[in-house]
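What follows is a report on a single protein model, arranged by region. Please keep the structure in view while reading.

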Amino acid sequence: MRDIMQKITQEQIEEVIQLFNPYMDDYLYLMDLKTDYYRISKHAVDRFLLPSDSFSDAFNMHQQFVYAEDFPYLSQDFDLLLTGKKKSHNLHYRWLDRNKMPIWINCRGTVLDDEDGTPHYLIGCINETGKKQRANNISGLLGESELTSYVMSNAKDKPVCGFLMRLGIDDFNAIHVALDVSYGNYVIRSVADCIQQCLTESQRLFHITFTSGEYMIVDFDSHTQEDAVVLYRSIQEKIAAFIASQNYKSVFTLSAGIIELSVLSSHFEDFIKLSDFALDQSRFSYGKNSYYIFDQTDYDTFLHRAEITTALYHAVNNNFAGFDVYYQPIIDCESHRLLSAEALMRFSMPSADGGKPVFISPLEFIPILEETGLILPAGKWILNEAFSMCSDMQQYIPGFTVNVNLSYIQVIKSNVIKDILSAMNTHKLPPECIGIELTESGYLDTNQHFVQFRNALKENGIHFILDDFGTGYSNLHCLSDLNPAYIKIDRSFTNKAIINTYDHELIVKIIEMSHRLDLKICIEGVEKPEVLEEFQKMHADFIQGYLFGKPCCRSEFFTNFVSN
Ligand code: C2E
Ligand code: CA
Ligand code: CA
């Protein structure tokens, strides 16, 4: 190596560095260890916080563009190079890009000594470790960065018709687990071959995530959605034939998310993200082994849901800012006396334009809380809020009770009985003042957690209330099993019972039967006096509905029900 420096000068090496510049993504460099001078490929300056492509005071200057935390490692390595203890340099560390964001690099180089054996030059190459791999040797296909440049140069800003089709092997991990990685790789390669066989010259195939079986076809051949679907079907057939040819060693399916290129016009930069969404839809909404054609309205709904999810996380982490509890009165059907209130969760999130907070219906945000697990902290929070309100109310209405809705997620995934007892203690509420509402539809008589929970409520003397009766199977066996304090008849059933003779008869019988079993009945959704009258005739026990009060905040509830 040392011979090089005898044949060419330092200036010539520097020229070579810049000569290769246009053809390289990586960065060549030379450092003169004796004069503390540094030279690097010009395009490195566009990417990193370098002062220039050549500079003196090289070692110290590194402090400007090396991520501070990594500088000590570099310094240590430099010491070894300068003292001749090390002849090669190979370090993974971080440089700062022009936005001062740390970028992982791998700097490799060799020390060239002078004739007297002292280190003179360090020459080598720097490459970005985190940069996307361009091609994949398993599938033999080009990867995401090539896909992006192909789409950008062939479709963006041009009036083209065609489709993007993101294809994914369903449950690919199962193949890895059941067989082994090498068979998994064989499947990736074979699926790529199967797809390739179905394509024309105007349909190009890329491999998306290298570790899993996901591909993208950029299709300039198909003109209609039907054409794209025909292509998908032909790929499915090829895959089925491949699986059979392997004697069903591994049986798998392929899903597709299809996007019309014309739909992408306003967000070409996001095409990978949109295709990800489309593939997910085909799997999770259409049950895998199927296709989904991208629809902007679906995507807007998805984005809105994602926005709510983010807002919920933020609110839970900020002391439940944006959450509130509304209370709706529950009245004795005969005397119209106020007995209780149902606590109902409310959530408003900041509006995008900084205006008034946007109210989100519990029908929308409760399922998200359940899906994300945030129902666990939020459920605990509402228990405390509701018990505190009930405790205050009891000063004015002795024996006043409060009902809190629980989700089955809380029962199955947390020690919710502990939360209930702890909130009860905090607010000094006797157990008979608490009602726990659980819906009929989620009832699982065989679930161990649920059985234990039901028993714990009984042992602690806390009322259990069966909610939304009439929406699920109206399972009579579940009534004797659960032995609730009372049953709440769902609003939809209440209204049907007024207009429909059959449902009217049914509810009369349900009330009679419940009374015989010593169970009470609460009718939800009573909005009109004539409906109240009807249920009074049937001897319903309790009434909840707009007729006696819409859900309202704690202070309004006090104003409405305590002062008169
Ligand atoms: P739900 O438990 O059946 O609550 C009763 C729903 O009926 C409430 O809707 C209430 O505002 C509405 N409602 C009551 N009377 C009338 C009426 O006369 N007319 C009409 N049109 N509606 C009436 P809301 O507050 O929108 O809550 C919807 C659902 O969200 C609740 O249904 C419950 O399943 C769930 N939810 C609310 N808060 C919580 C909570 O803290 N935890 C859990 N797990 N679920 C909750
Ligand atoms: Ca309820
Ligand atoms: Ca209900």
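## A buried glutamate and its partners

The side chain of Glu128 makes a polar contact with the side chain of Arg47 at 2.8 Å, and a second polar contact with the side chain of Tyr27 at 3.1 Å. A polar contact here is a pair of N or O atoms within 3.5 Å; within protein, one must be able to donate a hydrogen and the other to accept it, and residues adjacent in sequence count only if both atoms are side-chain atoms. Glu128 belongs to strand β6, residues 119-128, where helices (H or I, at least four residues) and strands (E, at least two) are DSSP runs numbered from the N terminus. Glu128 counts as buried because its relative accessibility is 11%; buried means under 20% relative accessible area, exposed over 50%, and partly exposed in between, with a 1.4 Å probe and protein chains only.

This is a predicted model, in which local features need pLDDT of at least 70 and side-chain atom pairs count only at pLDDT 80 or more, whereas totals for chains, interfaces and linings use all residues. Residues are numbered from 1 along each chain as its sequence is written, chains are lettered from A and ligands numbered from 1 in the order in which they are written, and side-chain values use heavy atoms, with hydrogens and water left out.

## The six-stranded sheet

Strand β6 takes part in an open sheet of 6 strands with antiparallel pairing, in the order β3-β2-β1-β6-β5-β4; two strands pair if DSSP finds at least two bridges between them. Because β3 (54-56) and β4 (88-96) stand at the edges, each with a single partner strand, one side of each is left without a neighbour in the sheet. From one strand to the next, the twist averages 20°, with axes taken as lines fitted to C-alpha atoms (for helices over the stretch in contact) and angles running from 0 to 180 degrees between N-to-C directions.

Strand β1 (residues 27-32) has 6 of its 6 residues buried, so it is largely enclosed by the rest of the structure. Tyr27, Tyr29 and Met31 point one way from β1, while Leu28, Leu30 and Asp32 point the other way. On the side of β6, β1 is joined by 6 antiparallel bridges, and Leu28 stands opposite Cys125. β1 also pairs with β2 in the antiparallel sense over 4 bridges, with Met31 opposite Tyr38. The hairpin of β1 and β2 has 4 residues between the strands, and Asp36 takes a positive phi near 55° there. Strand β2 (residues 37-40) in turn pairs with β3 over 3 antiparallel bridges, and the bridge partner of Tyr38 in β3 is Phe55.

Strand β11 (residues 214-219) is joined to β9 by 6 bridges and runs antiparallel to it, while strand β12 (residues 254-260) pairs with β9 in the antiparallel sense over 7 bridges. Phe163 stands opposite Asp219 in β11, and in β12 the bridge partner of Phe163 is Glu260.

## The two calcium ions

The calcium ion (ligand 2) is coordinated at 2.2 to 2.3 Å by Glu342 (OE), Asn405 (OD1), Glu437 (OE) and Asp467 (OD). Donors are N, O and S atoms within 2.8 Å of the metal (3.2 Å for Na, K and Ca), and water is not among the atoms, so sites may look incomplete. Along the chain, the donors of this ion follow the spacing E-x62-N-x31-E-x29-D. Glu342 in strand β15 (residues 338-349) and Asp467 in strand β19 (residues 463-469) are 125 residues apart, and the pair links distant parts of the chain.

## Around ligand 1

Of the 22 residues around ligand 1, Gln328, Met345, Arg346, Glu527 and Tyr546 come nearest, a residue being near if one of its heavy atoms lies within 4 Å. An oxygen atom of ligand 1 is 2.8 Å from an N or O atom in the side chain of Arg346, and a nitrogen atom of ligand 1 lies 3.0 Å from a polar side-chain atom of Gln328. Taken alone, ligand 1 exposes 800 Å², of which the protein buries 85%; accessible areas come from the Shrake-Rupley method with a 1.4 Å probe, and for residues only the protein chains shown count as cover.
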